[in-house]
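Have the structure open while you read.

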Amino acid sequence: MAAPVNTVSRWCLSSWRTTRLVCQRLHQTQASGKETHFGFQTVPEEEKGGRGKELMSPQCSVSGVYHVFESVAKKYDVMNDSMSLGIHRLWKDWLVRHMNPTPGTQLLDVAGGTGDVAFREQEGSLVGSKAVICDINKEMLKVGKEKSLRLGYSEGLSWVAGDAEELPFADEKFDVYTIAFGIRNVTHIETALEEAYRVLKPGGRFLCLEFSKVNNPLLARLYDLYSFQVIPVLGEIIAGDWKSYQYLVESIRRFPPQEEFKEMIEDAGFFKVTYHNLTSGVVAVHSGFKL
């Protein structure tokens with residue numbers, strides 16, 4: 001019996017995307033000397049990830065993204081509360097309500113850091129549901145594991161060190177992929193989106209919570225003032241790290257606005273892509289489905 005048309009179409013689409021992803025990675029490997037942004041600065045691509053190494057480009061002597069989060073890991077939750085006045089908790093609550101997980105949901109939370117999204121998904125005590133927290137930074141995972149034991153969230157959770165651009169998981173493994181305040185830090189956003197598509201099952205959902213473009217002119221001016229004049233100072237006072245929080249503010253401004261990021265998600269193969277602005281666009285939740 002001939003295979004159903006939708007099965008054949010899905011196989012062809014999957015094969016095409018796999019081929020494109022391989023070609024992208026080969027090109028990225030061969031293209032030495034390429035540059036990308038690190039906040040407002042321009043650095044070689046291989047230095048953005050950092051892996052704890054110092055950036056040696058003439059423009060700066062700050063650390064790569066890996067070292068940024070390694071540096072702030074122990075104060076990460078405290079700083080989130082301080083920088084957002086606690087509102088980040090409401091944003092994450094909204095994300096998980098929008099996810100609406102059901103019993104048996106297999107969740108992958110990429111750049112999961114200290115586990116906030118996965119913990120919320122597990123709070124419903126959904127039968128058979130599991131959450132994998134994947135983060136490239138082992139110090140963040142260590143803090144997250146300690147936090148899960150302290151708060152009693154050990155059941156149904158696993159912690160995996162992995163790169164959003166090359167996830168260590170099989171194809172079509174998860175029902176939901178979430179990434180909160182993480183995708184702006186990857187070197188190749190398109191590759192991370194391709195990987196999200198690859199590991200999701202057909203019918204699976206992509207959800208991204210990220211800082212975005214404020215749509216209220218007055219609020220935008222106040223937000224800029226707060227971001228550049230207050231947040232780095234808080235970083236220095238609370239975490240003893242001005243540079244890392246200066247980078248975080250700059251990385252937010254470099255991230256694509258809502259409509260542009262929506263198009264990037266669609267280009268990765270997702271359908272029914274939408275976004276919801278929260279707090280006048282300070283953050284946005286993007287959603288898409290793998291059909």
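What follows is a short tour of ring pairs and of charges over rings.

This is a predicted model, where local features need pLDDT of at least 70, side-chain atom pairs count only at pLDDT 80 or more, and totals for chains, interfaces and linings use all residues. Residues are numbered from 1 along each chain as its sequence is written, and side-chain values use heavy atoms, with hydrogens and water left out.

Search the whole structure and you get ten aromatic pairs. Rings of Phe, Tyr and Trp (its six-membered ring) count as a pair if their centres lie within 6.5 Å; planes under 30 degrees apart are stacked, over 60 edge-to-face, and the rest tilted. Here are two of the pairs:

| Pair | Centre to centre | Angle between planes | Type |
|---|---|---|---|
| Phe119 and Trp159 | 6.3 Å | 70° | edge-to-face |
| Phe206 and Phe270 | 5.3 Å | 35° | tilted |

Phe119 sits in helix α6 (residues 116–122) and Trp159 in strand β5 (residues 157–161), so this pair ties together parts 40 residues apart in sequence. Helices (H or I, at least four residues) and strands (E, at least two) are DSSP runs, numbered from the N terminus. Both Phe119 and Trp159 are buried, meaning under 20% relative accessible area with a 1.4 Å probe, protein chains only (exposed is over 50%, partly exposed in between).

Phe206 and Phe270 are both buried too. Ring pairs also join them with Tyr177 and Tyr197 in a cluster.

Now for the charges. Lys290 lies over the face of Tyr197, 4.7 Å from the ring centre. A charge sits over a ring if NZ of Lys or CZ of Arg is within 6 Å of the ring centre and within 35 degrees of the ring normal.
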